[in-house]
Amino acid sequence: MRNRWLLVGASGVAVFMAQLDATAINVALPTIQRDLGIGPGLAQWAVLGYALPLIALTVPSGRWLDGAAARTALVLSISGFGCASILVGLAPDIAWLIAARAVQGTFGAVLLTLISLLATIAVRDEARGRAMSLVLILGSLGGMSGPVLGGLLIEALGWPWIFYLNVPVSVLVIAIGVAQLPPGGRPRLPDRAWALEAGLLGAAAVAVMLALSLAAGEGAGWIVLAVVAVPFMLMWRRLPGSRPVIDLLRAQRVAAPHLALLAEMTAVMAALFVIPFYLQGVAAVLPTQTGLAMLAFPTAMMLTGLAAGILADRWDARRVAQIGTVTVTIGLVLIIPMGTGWGPADLAWRLAVAGAGAGLFAGPNQAMAMTNTPRHLLGTAAATTSLARQLGVALGPALATCVWSFGGYGLQGMRIAVVLAAAMAAASMLALTWYRNPADRPPAASTKGGRRCPNP
């Protein structure tokens, strides 16, 4: 007998694993740099090699999933991610490591897109808020706890074990997926159009991230480099494969949760990037105490997340998500003063306020986006929401660094960065206020390039 909540739980574990890898690598970079005998510039490509495929391949992966059997896609993505993880751990040099991380990111793009799709089709519509909350809470916990767990693994077993532990988790998720999902056919291989789309989106992402990075290190004038992304996006817009995405996001009831998600993730990641520098550089707090203070955010998010799913299913998803954005904004505004005498406890309770809001927002907002998407575009919607989340994860630290650099990397620059974060959180609140026309839905019929998602 099938237990679809078991599938939801397995999906949450899979996204926990993927997000843990994305953040734990930051703690491992100094050790990797020393072991492989490389400089900081090359070491950073261990992060970029994983992040860039995630951004470039998420939307094309969503369109591919619209025509793929769920079980086939799950086995393929998890198996590829697990095998790539082994290759990362075995890396004898930096070239091998970067290549293996790129392969890992490629399968990770499919996996992170697939998770929202599985959580959507696994349960009834009236339980979707709870399913989304559970999956997104586990994903957020993976991202937030990555530095802490990564540090423990590095000290006890060595940095490769951050990746080796993905193998038993992958086997567990595959076993549950095979048991809970009906058999699927052979996977449909991506075509040349898929590769062209990924290349254009990847080039645009590189241009934006490079502009922000150079602006922080070399001066604000480098921000104009982001304009290079425009022609790549215009070329992508002319591709037939862009039509399902454009048609989907033209609907206000789908676009609003996407905009809110992008703004909220950017806000949270910007603040969480700056705070450790404040605690260790200004407040002179030990790394262990910094990690404990930072755990206040995911802990509060976990405590409110499941309640948010229940409220979304029984009350109203939009109102719960709005309360979440208001709470996140309040928490970030409380952090702005960042006095020189603050300690870990002063920041921990403020982070808990913001984390509680993030828990209230995540699941209901995702449920809104998926509920208002036609079934034949569920894979596309899972991809676009995953892309919005990944862009927020990348843009938050980049924008915070840029603003912080304008303040001379001092305390005032940190405060301005948190002001920016609070403003982005307020923008997410405004995006959900825009969501109010119940008749505005994407077209029910398939558009160009769209494929009907098979029943689970």
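1. Buried means under 20% relative accessible area, exposed means over 50%, and partly exposed covers the range in between, with a 1.4 Å probe and protein chains only. By this scale Phe163 is buried at 0% relative accessibility, and Trp159 is buried as well, with a relative accessible area of 5%.

2. On the basis of the note: this is a predicted model, in which local features need pLDDT of at least 70, side-chain atom pairs count only at pLDDT 80 or more, and totals for chains, interfaces and linings use all residues. Residues are numbered from 1 along each chain as its sequence is written, and side-chain values use heavy atoms, with hydrogens and water left out.

3. Aromatic pairs. Rings of Phe, Tyr and Trp (its six-membered ring) pair if their centres lie within 6.5 Å; planes under 30 degrees apart count as stacked, over 60 as edge-to-face and the rest as tilted. The count by this rule is two aromatic pairs. Trp159 and Phe163 make an edge-to-face pair, with 6.3 Å from centre to centre and 80° between the planes. Trp161 and Tyr164 also form an edge-to-face pair, at 5.3 Å centre to centre and 90° between the planes.

4. The setting of Trp161. Trp161 and Tyr164 are three residues apart in helix H7 (residues 161–164), so about one helical turn separates them. Helices here are DSSP runs (H or I, at least four residues), numbered from the N terminus. Trp161 is partly exposed, at 36% relative accessibility.

5. A charge over a ring. The criterion is NZ of Lys or CZ of Arg within 6 Å of the ring centre and within 35 degrees of the ring normal. Arg350 lies over the face of Trp342, 4.1 Å from the ring centre.

6. A backbone angle to check. Met338 has a phi near 35°, a positive value in a residue other than glycine. Met338 belongs to the loop between helix H15 (317–335) and helix H16 (344–371), and counts as buried at 0% relative accessibility.

7. Salt bridges. Side chains of opposite charge can pair when their charged atoms come close. The rule asks for a side-chain nitrogen of Lys or Arg within 4 Å of a carboxyl oxygen of Asp or Glu, and the count comes to two salt bridges. Asp247 bridges to Arg243, with the closest N and O atoms 3.2 Å apart; these two residues are four apart in helix H11, so they are separated by about one helical turn. Asp247 is buried, with a relative accessible area of 16%, whereas Arg243 is partly exposed at 22%.

8. The other partner of Asp247. Asp247 forms a salt bridge with Arg250, the closest N and O atoms being 3.6 Å apart. Both residues lie in helix H11, three residues apart, about one turn of the helix. Arg250 is exposed, at 54% relative accessibility. Salt bridges with shared partners join Arg243, Asp247 and Arg250 into one network.

9. The second largest pocket. A pocket is an open set of points on a 1 Å grid over the protein atoms alone, where a 1.4 Å probe fits, with protein on both sides within 12 Å along at least five of seven lines; lining residues have an atom within 4 Å of a point. Grid points are joined across faces, edges and corners, and a volume is the space filled by probe spheres set on the points. The second largest pocket has a volume of about 650 Å³. Of its 23 lining residues, Met233, Leu249, Leu262, Leu387 and Leu391 are the closest to the centre.
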